[in-house]
Amino acid sequence: MADKIGIENLNAWFRTNHVLTEINMSIPERNVTAVIGPSGCGKSTLIRCLNRMHELVPEARVSGRVLIDGVDIYGRDVDPVQVRRRVGMVFQKPNPFPTMSIYDNVAAGLKLNGERKRSKIDEVVKKSLDMAALWDEVKDDLGKSGASLSGGQQQRLCIARALAVEPEVILMDEPCSALDPIATAKIESLIRTLRENYTIITVTHNMQQAARVSDFTGFLYLGKLIEFGETRQIFSNPRNELTERYLSGRFG
Amino acid sequence: MNKVDRDRSRRRLAVDRLMYFLCFLCVLIAVVPLLSVLYYVAASSLAIINFSFLTGLPRPPDEYGGIGNAMQGTFIVVATASLIGLPIGVFAGIYLAEYGNNRIGGSIRFVADILAGVPSIVVGLFAYSFIVLAMKRFSALAGGVALAAIMIPIVARTTEESVKLVPNTLREAALALGITKWRTALYVAVSTARSGILTGIMLSIARISGETAPLLFTAFGNRYWAVGIDQPVETLPVRIFNYAIAPYDRWHAEALGAAFLLIILMLAINLLVRFAVRGRYSPTR
Amino acid sequence: MVDMPRLMDMGLEKLTSMILETAEMAQRCVEAVVIAHNEGSRITPQIRAWSDELRLKYNNVEDLAVELLARFQPVASDLRFIKSSMKIAYDISRLGRYAYDIALLLTMFKGIAQCNHELTNNMAKKSMDMIRKSTQAFKDRDVKLASSLVKDDDVIDDMFEHYLSTVLARKSEETIECLVSNVLIMRYLERIADHACYVADSVIYMVTGKTGRALDWT
């Protein structure tokens, strides 16, 4: 199993606040990696460093290297916009573009990046909605507003939108925390399906979800990576005592 | 409930009703002047409004004339102002909302707020000095420029506020798709804010249509149909001004008629705004 | 950083106390049957009752364990503890079965009180000691104590093999009844010792997460 992403000595700051300290981690390709930890431990910041979204916040800083397929995305001549096309992101609260239809939402990434051919856009929209397990539910209503769907459907729409740009990696920042249990189950099942073709990294504060959905788990605490390993090993016999205490619900 | 509780309860109810009545009274006091103005203007002008009034040219005071050229002039001046002011105002607003979170943005905002507070007659004077004197004549262009100068800070601020209301999560979603910042600003933020921007635009048009002071010495006035943008034109507010202070009864009546028309114009624009943004996405809803 | 109290803690404590109760009853059961064997008294029905009750206690432990799994989805050491509890309770309940098997011998072999009980008592003492140690190891989560049972088990195995070889060499003076009953009793005692070892293994897994014979921990 090759490593898709290599994180080397990653540090991140918000002004003087040292949010991530010397993170070293390898994310294997075409697997689901979960990042868990108590609130404020830096997990959202960590994934935002992987698609160069962290630096968009004013007075935010990053140091260290993040290698995707061996190339440092923080390198001198790397265009952050290009990075974001390879590394897609799905957010905690579903955020479809409200003034656009379902079709336009999925097509947004393509159209606003210059794609003009109607046939190609049609094809990508269908494929993406299919992969996001939403095609059957909306295929007759593609012109409806994106905001008229239910919460779970909206989140799948956002996933389809991210898939349409054909990324290699998908980052998910607590994708189910705004959803009801049934919608959550559908998304978790979708994550397992997508795993065959994409490298997925999901941040979650729900340990059981991490246990259900991921192949590898990293435990973050106060900005440091405490433990990283196969999910089945971490959840049955963690090596670090802090991990053990967090998983057992003794703090956090 | 014992007697003490019952008394307290009754007293509370009485106070409640009294406050409600007082508030209602205040609403009446606020609304009555507005309604009386409308009534007065409408009642006084209904007799005079007819087809020839709306389409004819002004006549000497012994005949009934028309406000056709005033309506045409208002249209020309407002259109000119919009052509100049709207693009500048809207793009300034977008810039302030998307890129203006720094000292430069702060200064621009400050200047815009000052400009918005400058008396309109002073703006007119500015247009007079720079355009009328340079061209050595009064013109619709000068009037348009004066009105544009009033329009720009208003449109810039309302556009900025509308675009700022767009939740940041949408911008993040677009950026995460690998869309560049300026495209995100234009196609996502502005597109989402479009009903707010449109409202701001239409209300600013309504506002400048009624401005009188700057037009007095820029567009000036004209007894005939407008022939060019570099010529003085007649406008509704100026016509009202000139006719209302004249010694002729007929002209007083015509002034009231023109006033009524101006009010109808404002009403129409406001209704148009409501119609145009019905059912659209509003971030504040 | 102080540990937070958790909803599950009450259930885990109950599980522990149920196992300790079961262990205590199993211990008494084995003691009683050894004494009866020496005195020749008939206690088979009583042992039978105890054995059934031990089985019931095991079922209760299993039910509680499954309920905790379903409700709290425990992970890591809690999960290992619950898994071990079920195994330990089962192994302890088996002790009752073996005690019952020994009690049956008393009815099968009429003259058993006349036999020489020295060797069997010796072995019984050792086996009961092992039961006590494994229960203590469980109570204290003591990995070292749990690992010490390996040696004890080897001693018991040796005792059994030794007696068996003397019987087969036909050098003993005792009656055939005594020889057979002794061999059988020792066999049951050996199985009791084995189950005490299984409990010790579960304790080691519970604490360290490692399976396999308790060899490396001494």
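This is a predicted model: local features need pLDDT of at least 70, side-chain atom pairs count only at pLDDT 80 or more; totals for chains, interfaces and linings use all residues.
User: Okay, and how far apart are chains B and C at their nearest C-alpha atoms?

Analyst: The nearest C-alpha atoms of chain B and chain C are 34 Å apart, and these two chains do not touch.

User: How many residues of chain C are in contact with chain A?

Analyst: On the chain C side there are 12, and they meet 12 residues of chain A.

User: What's the side of chain C that touches chain A made of: how many nonpolar, polar and charged residues?

Analyst: That side of chain C has five nonpolar residues, four charged ones and three polar ones.

User: New topic: what is the phi of Asp69(A)?

Analyst: Asp69(A) has a positive phi, about 55°, although it is not a glycine.

User: Where does Asp69(A) lie?

Analyst: You'll find Asp69(A) in chain A, in the loop between β4 (60-68) and β5 (71-72).

User: And why does Asp69(A) count as partly exposed?

Analyst: Because Asp69(A) has 14 C-beta neighbours inside 10 Å, and partly exposed covers values between the exposed limit of 12 or fewer and the buried limit of 20 or more.

User: Got it. What about the phi of Ala133(A)?

Analyst: Ala133(A) is not a glycine, yet its phi is positive, at about 55°.

User: Which loop is Ala133(A) in?

Analyst: Ala133(A) sits in the chain A loop that runs between α4 (118-131) and α5 (135-138). With 18 C-beta neighbours inside 10 Å, Ala133(A) counts as partly exposed.

How values were computed:
Residues are numbered from 1 along each chain as its sequence is written. Chains are lettered from A and ligands numbered from 1 in the order in which they are written. Two residues are in contact if their C-beta atoms, placed from the backbone, lie within 7 Å. Ala, Val, Leu, Ile, Met, Phe, Trp, Tyr, Cys and Pro count as nonpolar, Asp, Glu, Lys and Arg as charged, and the others, Gly among them, as polar. Helices (H or I, at least four residues) and strands (E, at least two) are DSSP runs, numbered from the N terminus.
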